[in-house]
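Have the model open while you read.

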Amino acid sequence: MVIVKCDRLKKRFFGRAGIVKAVDDVSLEIERAEAFGLVGESGCGKTTLGKIILGVLKPDSGNVILGTKKMQVIFQSSYNSLDPKMNISDILSEGLIIKGTGQGEIKRKVEAALDLVKLPKEALKKYPHQFSGGERQRIAVGRAVLTDPEFIVCDEPVSSLDVTIQLQILNLLKEIQKRFGITYLFISHDLRVIKFMCNRLAVMRYGKVLETGPVDYIYSNPSHPYTRSLLSSHFYDIIKNDASLKL
Amino acid sequence: MKLHVNILEVKNLKIYFHTSDGIVKAVEDISFEIEKGKVFGIVGESGSGKTLTAVSILKLISWPGKIMGGKILFNETDLLTMDEKALNNIRGSKISLVFQEPASSFNPVFTIGEQIVETVLTHQGVSRSKAKEITFEYLKRCRIEEVKKTFYDYPHQLSGGTKQRAMIAMALVNSPELIILDEPTTALDATIQVQILDLLDEIIHKENLSILFISHNFGIIARMCGRVAVMHKGKIVECRDTKSLLINPKEQYTISLLESVKALSW
C-alpha cells in the first residue's frame, strides 16, 4: 500500500545567479512501513523534496498524495532543531500540548518516549546543551515518535555523529520502525547509511531522480553512471571483513 | 648509519585545558614516531584529541589550552623549546598543515594566487615572478584544471574540491619535510573526496613524503597509512602497523570502533 505518492513535482528557486531547479520533475512512491532512501550529494535537491512531501514547501507544479496526516521529521543537526531555552520535558511535551492531550497522558507518554530512546528520567530537567550529540539526536527521535506518526522524514539524522554513535542511532530507528510499523523517508548522502537502513532507494542529482529500485539490486547493478561513481566513491570508506587492502 | 630515520618523535606529550570547571586533560601522555617517507595515521572520534595533537606539533595552541609536558622532536630538535622566530621558519616551510575546512583556512580577501605566492616569498627568498611560476607549477601538479583562473580567483569563487586542491598545493609549495593532513576530505562530497584522496595517494608515493594523516574515518586511514595510532579520550589506545591492527585489534575500544565501521560497510 502506497503511503506517499509524488507526481511530477517541480520546484524552482530564484537566486542572484539565476534559476535553480531544485526539484525537477520527480515522481516516486513510498510503500507503507518501508524505509525509502533518498541519496545524493549536497545541493541535489533531496532536502527540498523532503520538505515538499512534508508540506513545508509548496511545489511549483505536480502534487503529493499522502495516505496519512501523521507525519514527523528528524533533522541532521540537533543543535538547531532543539530549542536551547527549553528543557527536555518541555521539548518533548510541546507537540502533545498542541494536539490537546491531557496532563496525565502527556506525562505518561513523555516518560515512555524517554524509555524508548534509552535516556534516564533525570534528562527531563536538563537542557539540550547538557547532552552529547548522540543523546540530543535520541531526544529528537523521541520527540518525533511521541505524536504517534505513521511517516517520518529523517533528513541526514546521523551525518554529524561519530561512527559508533551513528550505529546506535540507526539501530534505534530500526527498532522503532519494527515496533510501530512506521514508514521512513531516509535522506542521506552516505550510501553506507542507506544500505544499512533502507529496502528501496532513489538516487538524485541536479533535482532529478536518476534511478529507483531495491537497495540490494541497485548496489550490485547500478544502471546510471552517476550511481556507479557514487558507489565507487566509498572505496576509501568501507572496510571489508577480509581486510583486502592495498597495503 | 641508522636504518630507520624518524622525522618526528612525540614523547609523553600532555595538553591540558584550564577551564573554570577544572583541568581537562585533552591529550594525556602520548608518544609516537613517524618514520621518514612514511604515512602515519591517527584515527579517533570527535574530542579524542587528534586535532590537538596535530596543531601542537606547530605549537599552535592558545590559552586555555597549554602544553604541560613532553617533547616534540623534529629531526631530533625539540620544537617545544624553540622560540617563535625559529618556529616561524619551520611553519609552512619544513612542516605544513592542511585543515579540514578549506573554506576557512584561506583568507577570504586575498586571491588564491596571492596567498600561495606569499608563502613562497616568505620561505624561499625568490623573486615575485619566480614565486608566481612556482605557484602555477604546484597548482598544476594538484590537477587544477584552469590554473590561471584559479590563481586570480578569491576563495569563495572556487568549489570545495578545487579549494582543497589549492590548499594542498600551498602545503606542498615549499617542499616540506613533513605534511600534517587534518581531516583533509571530511568536508567534501563523496565523489570529490575520492578524487582528493587519489591525488594525495599519488603525490605521497611519487614524492616519498612524510605524512601525519588525521581522520575519524577508519576506512580512509586503513587505505592511506602504513602505521596507525587509535586515540580515545586523549590517550593512544593502540599503535601498530595498520594491517595487523585491522586484522587483529587487541583493545576493546579498537574492536568496537572497527565493528561499527564494518557494520556500515558492504
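Two residues are in contact when they have heavy atoms within 4.5 Å. By that rule, chain A brings 31 residues to the contact and chain B brings 33 residues. Keep in mind that this is a predicted model, where local features need pLDDT of at least 70, side-chain atom pairs count only at pLDDT 80 or more, and totals for chains, interfaces and linings use all residues. Residues are numbered from 1 along each chain as its sequence is written, chains are lettered from A in the order in which they are written, and side-chain values use heavy atoms, without hydrogens and water.

Here's the interface at a glance, with buried area (accessible area lost on being put together, 1.4 Å probe, summed over both parts) and salt bridges (a Lys or Arg side-chain nitrogen within 4 Å of an Asp or Glu carboxyl oxygen).

| Chain A with chain B | Value |
|---|---|
| Buried area | about 3200 Å² |
| Share on carbon and sulfur atoms | 62% of the buried area |
| Salt bridges | zero salt bridges |

What does H4(B) give to the lining of the second largest pocket? H4(B) gives the most, with five residues.

Definitions and conventions: Helices (H or I, at least four residues) and strands (E, at least two) are DSSP runs, numbered from the N terminus. Buried area is the accessible area (1.4 Å probe) that two parts lose on being put together, summed over both.
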